[in-house]
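I wrote down each question before its answer.

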Amino acid sequence: MTLTMTRADGGRVEVVCGSMFSGKTEELIRRLRRALLGRLRVQVFKPAIDTRYHDTKIVSHSALALEAEVVRDPRELLSLVRADTEVVGVDEAQFFGHELVDVVQTLADRGVRVILAGLDQDYLGRPFEPVPQLMAIAEDVTKCHAVCTVCGGAASRSQRVVDASHNGRIQVGAAESYEARCRHCFEDPEKATKVIARAAG
Ligand code: ADP
Ligand code: MG
Ligand code: ZN
């Protein structure tokens, strides 16, 4: 029997998730750089909402960076993927809506390796859609952990340390607004006001 590789053989979904500072973007960049070393045709995307560091780059908290195309929604992302692209990287997947799931399925069915990085929980510790849905359809899921800023253990949650009351679920920010916390050191903002008081005082 002759084994022939078709492009469809490469089609798969990989999710890199975890809290803020857990190394999701570093891991995404690592995988994409290896794909580039293998001379694969790679495209990288990020949502327009995330303009913390640089307009057209994905950037980690440790200052690794890779050029990216900025898109407003999953439809635009799909329309920009070229016919011969083999690997698609997406950072901050939690900022795209549910439509991202269909777009990712379409690309993977077409033979594209899709690697997505995103927060799996919001600042209240609730699943952050569409990342849980992406984890469900993925061939491979990597859960990254940060270092808990309180106890030094493995952190799975992002604690908002500025007043949570007037910003809602999406508040783009970096070190100044969030801390990595483990399950035990995480304080539910809806139950405790301690964190806010500490940040203010
Ligand atoms: P993410 O994309 O998950 O927010 P990044 O890949 O951007 O994470 O950044 C990970 C880097 O953040 C680490 O390599 C480290 O240099 C830095 N960092 C800052 N605070 C922490 C922390 N509390 N735990 C782990 N890494 C941290
Ligand atoms: Mg990141
Ligand atoms: Zn802890």
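Which element gives the most to the shell around ligand 1? I found that α1 does, with three residues. Before going on, I noted that this is a predicted model, in which local features need pLDDT of at least 70 and side-chain atom pairs count only at pLDDT 80 or more, while totals for chains, interfaces and linings use all residues. I also noted that residues are numbered from 1 along each chain as its sequence is written, that chains are lettered from A and ligands numbered from 1 in the order in which they are written, and that side-chain values use heavy atoms, with hydrogens and water left out.

**Entry: ligand 1**

I looked up the shell and found 14 residues around ligand 1, the closest being Lys24, Thr25, Glu26, His61 and Val147 (a residue is near a molecule if one of its heavy atoms lies within 4 Å of it). By class, I read five nonpolar, seven polar and two charged residues; here Ala, Val, Leu, Ile, Met, Phe, Trp, Tyr, Cys and Pro count as nonpolar, Asp, Glu, Lys and Arg as charged, and the others, Gly among them, as polar.

A nitrogen atom of ligand 1 lies 2.8 Å from a backbone N or O atom of Val147. On its own, ligand 1 has 580 Å² of accessible area, of which the protein covers 74% (Shrake-Rupley method, 1.4 Å probe).

**Entry: Asp120**

Where is Asp120 found? I located Asp120 in the loop between β7 (113-119) and α4 (131-137), helices being DSSP runs (H or I) of at least four residues and strands (E) of at least two, numbered from the N terminus. Asp120 counts as buried because its relative accessibility is 5%, and buried means under 20% relative accessible area, exposed over 50%, and partly exposed in between (1.4 Å probe, protein chains only). The side chains of Asp120 and Lys143 are joined by a polar contact of 2.9 Å.

**Entry: cysteines**

How many disulfides does a search of the whole structure find? I found zero, a disulfide being a pair of cysteine sulfur atoms within 2.5 Å. Cys17 counts as buried at 0% relative accessibility, and Cys148 counts as buried at 3%.

Terms used. Polar contact = N/O pair within 3.5 Å; in protein donor to acceptor, adjacent residues only side chain to side chain.
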